[in-house]
Amino acid sequence: MEIKKSAKANLENRRLLFTEIGFVISLLIVLAAFEYTSREKKESIMQAEAAVVEEEEMIPITQETPPPPPEIPDIPLFSDEISIVDDNIKVDDNILNLEDDANMGVDVRDYVEVAEVVEEEVEDTPIPFAIVEEKPKFQGQDPATAFSKWVGENLVYPETAKENGVQGRVTLQFTVEKDGTVKKVKILRGVDPLLDQEAVRIVSKSPKWTPGKQRDRAVPVTYTFPVIFQLR
């Protein structure tokens, strides 16, 4: 069977037209592409604000002007020339009158007698026995032996201390005054109240001593003395 085709339906006759139309469209697209311009994007740039540096105010340094040095006085110049003065100089004869004048008298008054000031005797500071020039003596002898003997003969041993077997050494200190009396007895080291009291009692009843001397003058002297209590 033979296929019959209409001349209007044949596309071969329009191929050239379609080709030209395609070129025209392609040309328009190319022209449109050239004419198209992209919008420039504005980039936001963070610019750091420049810090404003404040200029410090420069204070000028002022220096006080030192005072001018004192003026040096002019040194007088001495001349060797001798000036001769005339002797014809009048002298005033109005000389001071030295005769008695009632208005120039001086009132003389009797002086009031001042009561005599009685000086108070200053108490001498006691001198230690070891350094005094002339040491005090007991009954004219060395106190280390004579006074120890006297204390031993007059000492009364407390009965209660005997019963309890209390014994020991009581160290005393006293002052031999300028008149030889024994005063200011105190305990430096005690053993028992009974023994301490007896030691103070017997030393306080000591007879007078021969006072010590310093530069040929009687002075108070401190003396340290042990009282020994010993049971036999």
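Two residues are in contact here when they have heavy atoms within 4.5 Å of each other. All views show a predicted model.

View 1. Of the 232 residues in the chain, 18% count as buried, while the chain exposes about 22,300 Å², of which carbon and sulfur atoms supply 54%. Among the contacts between residues at least 6 apart in sequence, 73% join residues at least 24 apart.

View 2. E198 is found in α4 and counts as buried, because its relative accessibility is 10% and the cut-off for buried is under 20%. When its neighbours within four places in sequence are left aside, E198 is in contact with L155, V156, P158 and F229.

**View 3. The largest nonpolar core.** This core has 27 residues, and those with the most contacts inside it are F147, F174, V203, W209 and V227. The elements that give two or more residues to the core are α2 (143-154), β2, α4 (193-204) and β6 (221-229), and the largest share, 5 residues, comes from β6. In soluble globular proteins, nonpolar side chains tend to be buried together. Apart from its neighbours within four places in sequence, F147 is in contact with F138, D142, F174, V203, S206, W209 and F225.

View 4. The buried residues of α2 are P143, A146, F147, W150 and V151, and they lie on the same side of the helix because they cover an arc of only 130° around its axis. These buried residues pack against β2, α4 and β6, whereas the face turned away from them carries the exposed residues T145, K149, G152 and E153. With 12 residues at 1.5 Å a residue, α2 should span 16 Å, and this agrees with the 15 Å that separates its end C-alpha atoms.

**View 5. G165 in a loop.** G165 is found in the loop between α3 (159-163) and β2 (168-176), and it is partly exposed, because its relative accessible area is 42%, a value that falls between the cut-offs of 20% and 50%. G165 and Q230 are 65 residues apart in sequence, yet their C-alpha atoms are 9.3 Å apart in space.

Conventions. Residues numbered from 1 in each chain as written. Predicted model: local features only at pLDDT ≥ 70, side-chain atom pairs only at ≥ 80, totals over all residues. Heavy atoms only, no water. Helix = DSSP H or I, 4+ residues; strand = E, 2+ residues; numbered from the N terminus. Buried < 20%, exposed > 50% of the residue type's maximum accessible area, 1.4 Å probe, protein only. Core = buried A, V, L, I, M, F, W, Y, C linked by side-chain atoms within 4.5 Å. Expected span 1.5 Å × (residues − 1). Arc of directions from axis to C-beta. Areas by Shrake-Rupley, 256 points an atom, 1.4 Å probe, with all protein chains shown as cover.
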